[in-house]
Amino acid sequence: MSLSATQPGVGRSVLVGGAATDGAGSATHSGPTDWATLRRFSERHYEPSWLRDLRSAWWQRYQDTPLPSGQEEEWRRTPLADLPRNAELLLDAPATELDHDADLAARGVIFTDLRTAVREHPELVRAHLGIGEPVESHAAFWALSLAAWTAGTFLYVPRGVEVDGTLIARLVTDRADVAFVPHTIVAAEPGASVTVLEELVSADGAAGWFGGTVEIHAQEGSRIRYARLQRLGDGVWNIGAQRVVVGTDAEVTTLNAEVGSRVTKVGLDVQMTGRGGVSRVLGLLAAGGDQHIDINSVQELVGSHTTSDLLYLAALYDRAHAAFYGRIVVRPGAKQTSSYQECRNLLLSPGAGAEPIPVLEIETNDILRCGHGATAGAIDPVQLFYAQSRGLDADEAERMIVRGFFEQVVGQISSETIKALVLDALARRIGSSTAFDEADEADAA
Amino acid sequence: MTDELVVSGLEVSIGTKKILRGVDLAVKQGEVHALMGPNGSGKTSLAYTLMGHPDYRVDAGSITWKGENLLGLAPDKRARLGVFLAFQYPSAIPGVTVASFLRNIYNAVHAPKPAPGGGENGQVPKYTGIPLAKFRRMLEEQMALLKMDPGFAARYVNDGFSGGEKKRLEMLQMAILGPRLAILDETDSGLDIDALRTVAEGINATLSPQMGVLLITHYQRMLNYVKPHFVHVLMGGRIVMSGGEELSHQLEANGYEWVREQVGEPEGVADEAPEPVAEHA
């Protein structure tokens with residue numbers, strides 16, 4: 001086992017220390033950190049040995065997993081050449097800021113920073129951290145995050161507990177030029193119910209690497225509504241992955257609102273494992289400037305009578321580009337499933353572009369429904385003329401049409417808190433339409 | 001100054017195609033003018049040009065409204081001057097409810113114009129629009145008049161509407177905005193007899209001595225309900241014949257072939273005139 005390895009092409013040595021029992025082998029590719037640093041980090045935080053072993057195993061996995069070459073179908077549209085791969089890992093990461101009802105703890109709900117959860121509820125963290133295989137398209141990044149996370153959010157809802165209202169977790173850093181790798185766990189025991197928003201904010205300016213990963217475990221009959229509001233800085237490469245496992249008769253809605261970042265390249269993996277499970281996979285993208293957003297989704301239907309519907313809407317301004325490569329996989333044993341993926345892109349400037357690519361892999365004849373819809377186009381000029389002929393100026397007419405376009409997803413957000421925060425973030429890009437100010441007022445009246 | 005639309009020598013092209021070849025027309029307040037003509041004669045093009053559709057290029061002539069030149073004004077500015085166009089094929093605006101759309105356009109059209117140089121301290125008080133309760137009452141009254149189900153207000157604008165529902169929504173918008181000049185582009189097309197009567201009653205209820213109407217139609221049947229003071233025939237991009245209400249009956253009886261015999265085949269044969277692209281949207 002070598003103690004050091006020189007990375008060709010990047011002109012940087014990565015020191016890999018420690019004995020063979022560390023599980024840290026020779027580096028096959030450079031990254032924002034090295035095993036010695038991670039081990040020191042783990043020791044300094046008095047992490048239990050099982051966690052250090054887990055980090056070590058994932059670090060080994062990271063070393064053994066090649067970074068995407070760009071030849072993969074999922075990676076053809078997002079070259080990694082400019083990924084700031086040598087940005088230093090943010091060790092002194094901020095704790096998650098939490099907003100919730102104090103008496104939740106009395107009901108056994110744990111909603112805390114992931115590092116705090118390791119200290120206070122190690123067995124629960126152990127039961128939910130890094131379960132299963134990596135999200136396939138993002139395997140190397142998934143492994144890196146499980147090895148190198150320094151911050152994150154932990155939400156656990158015990159059996160039968162229904163949490164009212166909306167929990168909010170904010171991860172805010174004023175640094176941009178770093179690699180920030182937080183990990184989030186949302187776990188609902190049988191019959192539990194919870195709604196949570198996670199907001200990610202970082203500074204504009206320098207190039208950085210954000211490698212946030214999410215694991216959602218919905219056990220039998222539970223209901224999870226998870227929203228992720230991405231407001232990262234304008235130099236950030238957001239290379240994240242999310243794994244959702246939907247158990248028997250469980251119901252999960254995820255919403256990813258992508259507003260910030262320079263590049264966003266997110267892998268979504270929705271596993272419909274239990275019989276009768278339901279998932280809604282929602283996305284709202286508002287991008288401008290030279291932003292590039294590339295989503296890879298997999299909806300894998302394993303259990304019978306499962307339902308999974310994906311709907312991503314993108315409003316693209318300036319020279320922004322959105323790619324979407326989404327797969328639905330219906331496994332042979334999955335009977336009577338229903339699945340759909342829809343990706344719609346509104347191009348608000350001649351320089352904006354979108355490439356939605358749906359793939360259906362159906363390995364059984366016994367399905368109720370499986371389909372896709374993909375569109376990309378400008379606002380119909382007649383529609384704009386129609387709105388203008390009613391007295392709305394061109395800008396307000398466009399804002400109203402874009403906001404109306406988003407309503408297909410916004411209307412599915414049951415939490416008014418989440419709706420307001422997401423719309424406020426989107427308004428920075430799409431503006432705010434007076435037609436909807438009034439609708440809000442009417443709702444309140 | 002009376003509210004008067006004056007169109008004079010209007011020539012309009014779309015792309016390289018000449019569509020209107022010198023239209024002269026004057027609509028005073030309180031007058032209903034019916035504009036009839038075969039397919040492709042330029043009726044919708046005239047309506048779009050009056051409203052300021054950017055694809056219709058005015059090559060010559062003028063359009064004035066209350067003495068003010070409309071050419072060069074954006075459609076929303078024309079709307080705020082009291083001009084309204086009921087579309088033959090109204091657009092859907094998914095995600096925007098009828099109620100919020102109507103209140104928004106009401107406020108846009110009725111917003112007070114900012115005083116020149118701003119108000120005191122340069123501050124213009126924020127216009128908050130018509131109070132919600134007052135607007136709702138007005139909406140309910142107008143919807144009842146058009147025999148519209150109250151649930152209609154919560155639907156998205158023209159999204160999945162039947163032809164008749166779309167035309168009713170056009171009339172509802174006209175009633176809410178209260179224009180001084182209404183251009184109704186084939187508002188009767190696609191309506192069955194009952195819907196036609198309801199829509200016509202809606203038009204008659206909105207009509208006032210202060211309002212001028214340009215009613216574009218293929219058929220005489222609409223004119224049984226909305227009585228025109230003048231009838232014009234547009235053919236080959238020109239108004240080739242004008243008269244009173246009796247002209248619509250002559251057209252009904254004799255067809256446009258009779259007009260061609262009377263005035264001679266106009267240049268720019270009807271069949272060659274392009275349908276406006278937008279109509280197919």
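Q: Leaving aside its neighbours within four places in sequence, which residues is B:M171 in contact with?
A: The model is a predicted one. B:M171 belongs to helix α5 of chain B, which spans residues 163-177. Outside four places in sequence, the contacts of B:M171 are B:L146, B:V199, B:G202 and B:I203.

Q: Is B:M171 buried or exposed?
A: A residue is taken as buried when 20 or more other C-beta atoms lie within 10 Å of its own. B:M171 has 25 C-beta neighbours inside 10 Å, so the residue counts as buried.

Q: What distance separates the C-alpha atoms of B:M171 and B:E201?
A: Along the chain, B:M171 and B:E201 are 30 residues apart.

Q: At roughly what angle do the axes of α3(B) and α5(B) cross?
A: The crossing of α3(B) past α5(B) is right-handed. The two axes come within 10 Å of each other. Their crossing angle is roughly 35°.

Q: How many nonpolar residues does the contact of α3(B) with α5(B) have?
A: From α3(B), the residues B:V98, B:L102, B:I105, B:Y106 and B:V109 take part, and they meet B:L169, B:Q173, B:I176 and B:L177 of α5(B). By class, this contact has no charged residues and one polar residue. The nonpolar residues number eight.

Q: In β9(B), which residue is the bridge partner of B:F84?
A: Strand β6 of chain B, residues 83-86, is covered on both faces, with B:V83 and B:L85 buried on one side and B:F84 and B:A86 buried on the other. β6(B) pairs in the parallel sense with strand β9 of chain B, residues 181-185, over four bridges. The partner of B:F84 in β9(B) is B:A182.

Q: Which element gives the largest share of the side of chain B that touches chain A?
A: The contact between the chains takes 28 residues from chain B and 29 residues from chain A. On the side of chain B, the elements giving two or more residues are α2 (75-80), β7 (93-97) and α3 (98-110). That side divides into 18 nonpolar, seven polar and three charged residues. The largest share, eight residues, comes from α3(B).

Q: Which element gives the most to the side of domain 1 of chain A that touches domain 2 of chain A?
A: Chain A is assigned domain 1 (1-64) and domain 2 (87-389), and their C-alpha centres lie 28 Å apart. Their contact takes 17 residues from domain 1 and 19 residues from domain 2. On the domain 1 side, α1 (35-44) and α2 (49-64) of chain A are the elements that give two or more residues. The most, eight residues, comes from α2(A).

Q: Which are the edge strands of the open sheet of nine strands in chain A?
A: The strand order is β4-β7-β10-β13-β16-β18-β20-β22-β24, and the pairing is mixed. From one strand to the next the twist averages 10°. The strands that pair on one side only are β4 (97-99) and β24 (367-378) of chain A.

Q: Which residue in β22(A) stands opposite A:T307?
A: Strands β20 (residues 307-316) and β22 (residues 337-347) of chain A pair in the parallel sense over 10 bridges. Opposite A:T307 stands A:S338.

Q: At about what angle does helix α8 of chain A run to β13(A)?
A: Helix α8, residues 416-430, lies across β10, β13, β16, β18 and β20 of chain A. Its angle to β13(A) is about 25°.

Key:
Residues are numbered from 1 along each chain as its sequence is written. Chains are lettered from A and ligands numbered from 1 in the order in which they are written. This is a predicted model: local features need pLDDT of at least 70, side-chain atom pairs count only at pLDDT 80 or more; totals for chains, interfaces and linings use all residues. Domain bounds come from an automatic or database domain assignment. Two residues are in contact if their C-beta atoms, placed from the backbone, lie within 7 Å. Ala, Val, Leu, Ile, Met, Phe, Trp, Tyr, Cys and Pro count as nonpolar, Asp, Glu, Lys and Arg as charged, and the others, Gly among them, as polar. A residue is buried if 20 or more other C-beta atoms lie within 10 Å of its own, exposed if 12 or fewer, and partly exposed in between; C-beta atoms are placed from the backbone. Axes are lines fitted to C-alpha atoms, for helices over the stretch in contact, and angles run from 0 to 180 degrees between N-to-C directions. A crossing is left-handed if the near helix is turned anticlockwise from the far one by less than a right angle, and right-handed if clockwise. Two strands pair if DSSP finds at least two bridges between them.
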